[in-house]
Amino acid sequence: MGRGKIEIKKIEILNSRQVTFSKRRNGLLKKAKELSILCDAEVGVITFSSTGKVYQWSSTSVEHTLSRYNKGMEEDHSQEHPINLQT
């Protein structure tokens, strides 16, 4: 039997919120790793906690993944506004 649905809203009890963050963060990282392995995809996850702590995981280096992301964003942006070289 499956679990019941929960209402998605901020958890007011600090201790419960921290426990939920930790469990869901670990689940998210596990899913990212599975996606990377199963689909041979380059995956990166960066998470900031409410206390400001940074958690990261990447199938390659985080720097390489961010560099690839930035390069892709530049290409997307240049395709949105093509430069007319004809004068």
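User: Let us begin with Tyr-55. Is Tyr-55 buried, partly exposed or exposed?
Analyst: Tyr-55 is partly exposed, because its relative accessibility is 23%. Buried means under 20% relative accessible area, exposed means over 50%, and partly exposed lies in between, with a 1.4 Å probe and protein chains only.

User: What sort of model is this, and how are residues numbered?
Analyst: This is a predicted model, in which local features need pLDDT of at least 70 and side-chain atom pairs count only at pLDDT 80 or more, while totals for chains, interfaces and linings use all residues. Residues are numbered from 1 along each chain as its sequence is written, and side-chain values use heavy atoms, with hydrogens and water left out.

User: Back to Tyr-55. How many aromatic pairs are there?
Analyst: The structure holds one aromatic pair. The ring centres of Phe-21 and Tyr-55 are 5.9 Å apart and their planes stand at 55 degrees, so this pair is tilted. The pair links distant parts of the chain, since Phe-21 is in helix α1 and Tyr-55 is in strand β2, 34 residues apart. Rings of Phe, Tyr and Trp (its six-membered ring) pair if their centres lie within 6.5 Å; planes under 30 degrees apart are stacked, over 60 edge-to-face, and the rest tilted.

User: And how accessible is Phe-21?
Analyst: Phe-21 has 24% relative accessibility and therefore counts as partly exposed.

User: What is the overall layout of the chain?
Analyst: Along the sequence the pattern is α-β-β-α, with two helices and two strands. Helices (H or I, at least four residues) and strands (E, at least two) are DSSP runs, numbered from the N terminus. Of the 87 residues in the chain, 13% count as buried.

User: How long is α1?
Analyst: Helix α1 covers residues 14-39, which is 26 residues. From its first C-alpha to its last it reaches 37 Å, close to the 38 Å expected at 1.5 Å a residue. The expected span is 1.5 Å times one less than the number of residues.

User: Which residues of α1 are buried, and what do they pack against?
Analyst: The buried residues of α1 are Arg-25, Leu-29, Ala-32 and Ser-36. They pack against β1 (44-48) and β2 (54-58).

User: What does Ser-36 contact?
Analyst: Leaving aside neighbours within four places in sequence, Ser-36 is in contact with Ala-41, Val-43, Trp-57 and Ser-59. Contact means heavy atoms within 4.5 Å. Ser-36 counts as buried because its relative accessibility is 13%.

User: Is Lys-30 buried or exposed?
Analyst: Lys-30, in helix α1, is exposed because its relative accessible area is 54%.

User: What about Gln-18?
Analyst: Gln-18 has 32% relative accessibility, so it counts as partly exposed. Its C-alpha atom is 8.9 Å from that of Ser-49, a residue 31 positions apart from Gln-18 along the chain.

User: What happens just after α1?
Analyst: Asp-40 follows there, with a positive phi of about 50 degrees, although Asp-40 is not a glycine. Asp-40 lies in the loop between α1 and β1 and is exposed, because its relative accessible area is 72%.

User: New topic: how much space is in the largest pocket?
Analyst: About 210 Å³ lies in the largest pocket. A pocket is an open set of points on a 1 Å grid over the protein atoms alone, where a 1.4 Å probe fits, with protein on both sides within 12 Å along at least five of seven lines. The volume is the space filled by probe spheres set on the points, which are joined across faces, edges and corners.

User: Which residues line the largest pocket?
Analyst: The lining consists of Ile-6, Glu-7, Ile-8, Lys-9, Lys-10, Ile-11, Arg-17, Thr-20 and Arg-24; lining residues have an atom within 4 Å of a point. By class, three are nonpolar, one is polar and five are charged.

Methods
Nonpolar A, V, L, I, M, F, W, Y, C, P; charged D, E, K, R; others polar.
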